[in-house]
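Here's a quick briefing to read alongside the model. Have the sequence and the 3D view open as you go through it.

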Amino acid sequence: MPRFAANLSMMFTEVPFLDRFDAAARAGFAAVEFLFPYDHPADAVGERLKQNGLTQALFNLPPGNWDAGEKGFAALPERFDDLKRSLETALPYAKATGVKRLHLMAGIADRSNTKAVEQFYKSVAWAAEFYAPHGLDVVIEPINPRNVPGYFLNDFGFARDLITELKISNLKLQFDIYHCQIIHGDVTMRLREMMPITGHVQIASIPSRNEPDGEELNYPFLFAELDRLGYGGFVGCEYNPRGKTTDGLGWFRPYAGAKS
């Protein structure tokens, strides 16, 4: 049975961020993820996890100026110092939460630019090697160009090839089914191909990015496929509820309480 992590940046937004941990636990989630914790003290985030018996599945490394449209800087040669600082910034949060994987964002850059490609390889390797002594995986996620125009990492094949070429044991793929369906389609076959390098999975309905209970994909089939493939990681619920979060959790009830 898949182990689901509520995404607290998108779900339970009816209450302030730190109160969403309580709401997720009450709804039956055993794990959570979110985009960024950096507006709150690391100890405060860790304490909410502990109080509710929750596992932290994932969060993102600092992306730069998010409000100004920055989406990380791993592919930006002129921002390598910012990237190195971001790794240090995230470390206290990783320790306080006990998270085992961090998402490194690529940034807005042209993948036909050789310097951007070289920088991305360098940044990914640097981040993975920085976190290896701390027992942390680094994951990279292809993101579709409809949601984030110009995002450097917008192809699952490119991500697969990079991970395969670098051969770094704590470097994995973040397989967001929503993004994969929009970019490529053929999700099941790609899951089967890329499961050996996958460290985290995320879900949402397509095309609306709502609860995974309809539209283009048969999610019960995909959840069973994850089991058949032996996926033991978390499935992050990175979707926008149509209304009140708890009103849309009918899809989740058969899985509620699955232990992390």
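Phe-21 has a relative accessibility of 0%, so it counts as buried. Keep in mind that this is a predicted model.

**Around Phe-21**

- Phe-21 sits in helix α1, which spans residues 20-26.
- Leaving aside residues up to four places away in sequence, Phe-21 touches Leu-8, Val-32, Phe-34, Val-45, Arg-48, Leu-49, Asn-52, Leu-54 and Gln-56.
- Gly-53 is 32 residues from Phe-21 in sequence, and the C-alpha to C-alpha distance between them is 9.6 Å.

**The barrel**

- There's a closed barrel of 8 strands here, in the order β1-β2-β3-β4-β5-β6-β7-β8, and the pairing is parallel.
- Going from one strand to the next, the twist averages 30 degrees.
- As background, strands of a sheet pair through backbone hydrogen bonds, either parallel or antiparallel.
- Take β7 (residues 198-203) and β8 (residues 234-237): these strands run parallel and are joined by 3 bridges.
- Val-201 has Val-235 in β8 as its bridge partner.

**Helices across the strands**

- Helix α5 (residues 156-166) lies across β5 (137-140) and β6 (171-176), and its angle to β6 is about 165 degrees.
- Helix α7 (residues 187-194) lies across β6 and β7, again running at about 165 degrees to β6.

**How α7 meets α8**

- Two packed helices are described by the angle between their axes and the distance between the axes.
- For α7 and α8 (residues 219-228), the packing angle is about 15 degrees and the axes are 11 Å apart.
- α7 and α8 are therefore roughly parallel to each other, as angles under 35 degrees count that way.
- The crossing of α7 past α8 is right-handed.
- On the α7 side, the contact uses Val-187, Thr-188, Leu-191 and Arg-192, while α8 brings Phe-221, Leu-222, Glu-225 and Leu-226.
- Sorted by class, the residues in this α7 and α8 contact are 5 nonpolar, 1 polar and 2 charged.

**Around His-179**

- His-179 belongs to helix α6, residues 177-183.
- Is His-179 buried or exposed? Its relative accessibility is 3%, so His-179 counts as buried, the cut-off being under 20%.
- Not counting residues up to four places away in sequence, His-179 touches Glu-141, Pro-142, Ile-143, Asn-144, Asn-147, Phe-156 and Arg-209.

Note on methods:
Residues are numbered from 1 along each chain as its sequence is written. This is a predicted model: local features need pLDDT of at least 70, side-chain atom pairs count only at pLDDT 80 or more; totals for chains, interfaces and linings use all residues. Side-chain values use heavy atoms; hydrogens and water are left out. Helices (H or I, at least four residues) and strands (E, at least two) are DSSP runs, numbered from the N terminus. Buried means under 20% relative accessible area, exposed over 50%, partly exposed in between (1.4 Å probe, protein chains only). Contact means heavy atoms within 4.5 Å. Two strands pair if DSSP finds at least two bridges between them. Axes are lines fitted to C-alpha atoms, for helices over the stretch in contact, and angles run from 0 to 180 degrees between N-to-C directions. Angles under 35 degrees count as roughly parallel, over 145 as roughly antiparallel, 65 to 115 as roughly perpendicular and the rest as oblique. A crossing is left-handed if the near helix is turned anticlockwise from the far one by less than a right angle, and right-handed if clockwise. Ala, Val, Leu, Ile, Met, Phe, Trp, Tyr, Cys and Pro count as nonpolar, Asp, Glu, Lys and Arg as charged, and the others, Gly among them, as polar.
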